[in-house]
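Reader: Hi! Could you walk me through this one?
Author: Happy to, here it is.

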Amino acid sequence: MSKVFIVEDHPIVRKGYVAFLSREPDLEICGEAASGQDALKKIAQEMPDLVVLDVSLQGDMNGVDLLKQLQADFPKLPVLVVSGHDEAIYGDMMRRNGAWGYVMKGDVGAFLRAIREVLSYVQTNPK
């Protein structure tokens with residue numbers, strides 16, 4: 001069972017991710033957060049296998065800043081960025097800052113495939 005943590009500031013989207021991923025028998029949602037500081041605190045407690053992160057967080061820090069902080073605090077923690085922003089604009093920037101992948105919010109199949117690919121890589125290449 002792989003533990004997934006969701007960071008998304010829009011409650012309906014966050015709850016949608018939780019509902020969608022909770023149907024997968026090999027995935028467990030270990031936590032969720034709407035802000036960067038809340039995410040950092042909860043991720044330190046839960047130590048997930050994967051973080052799903054939105055680029056456009058509101059409040060204390062945006063997704064880019066949170067990704068940078070996650071890389072500093074947990075350098076081996078895989079982060080998959082999910083966004084409504086065009087990959088051509090944000091994808092490379094997020095990968096340069098440590099994201100393991102970038103998926104557009106509108107592609108449900110790619111979202112689940114990306115999660116499985118990252119987790120498969122982590123399982124076959126342990127920390």
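Author: One term before we start: contact here means heavy atoms within 4.5 Å. Also, keep in mind that this is a predicted model.
Reader: Thanks! Which residues is Asp38 in contact with, leaving aside its neighbours within four places in sequence?
Author: Those are Glu32 and Ala33.
Reader: And where does Asp38 lie?
Author: Asp38 is part of helix α2, which covers residues 36-46.
Reader: Why is Asp38 called partly exposed?
Author: Because its relative accessible area is 22%, and partly exposed covers values between the 20% limit for buried and the 50% limit for exposed.
Reader: How far apart are Asp38 and Glu117, in sequence and in space?
Author: They are separated by 79 residues in sequence, and their C-alpha atoms lie 27 Å apart.
Reader: Switching to the sheet: what is the strand order?
Author: The order is β2-β1-β3-β4-β5, an open sheet of 5 strands with parallel pairing.
Reader: Which are the edge strands?
Author: β2 (27-33) and β5 (101-104), each of which pairs on one side only. On average, neighbouring strands of this sheet are turned by 25° against each other, ignoring direction.
Reader: How many bridges join β4 to β5?
Author: There are 4, between parallel strands, with β4 spanning residues 79-83. In one of the pairs, Val81 has Tyr102 of β5 as its bridge partner.
Reader: Nice. And what does helix α5 touch?
Author: Helix α5 (residues 108-124) packs on the sheet and touches β1, β2, β3, β4 and β5. Its direction makes about 145° with that of β3.
Reader: Which strands does helix α1 lie across?
Author: Helix α1 (residues 11-22) lies across β1, β2 and β4, and runs at about 170° to β2.

Definitions and conventions. Residues numbered from 1 in each chain as written. Predicted model: local features only at pLDDT ≥ 70, side-chain atom pairs only at ≥ 80, totals over all residues. Heavy atoms only, no water. Helix = DSSP H or I, 4+ residues; strand = E, 2+ residues; numbered from the N terminus. Buried < 20%, exposed > 50% of the residue type's maximum accessible area, 1.4 Å probe, protein only. Pairing = 2+ DSSP bridges. Axes fitted to C-alpha atoms, helices over the stretch in contact; angles between N-to-C directions.
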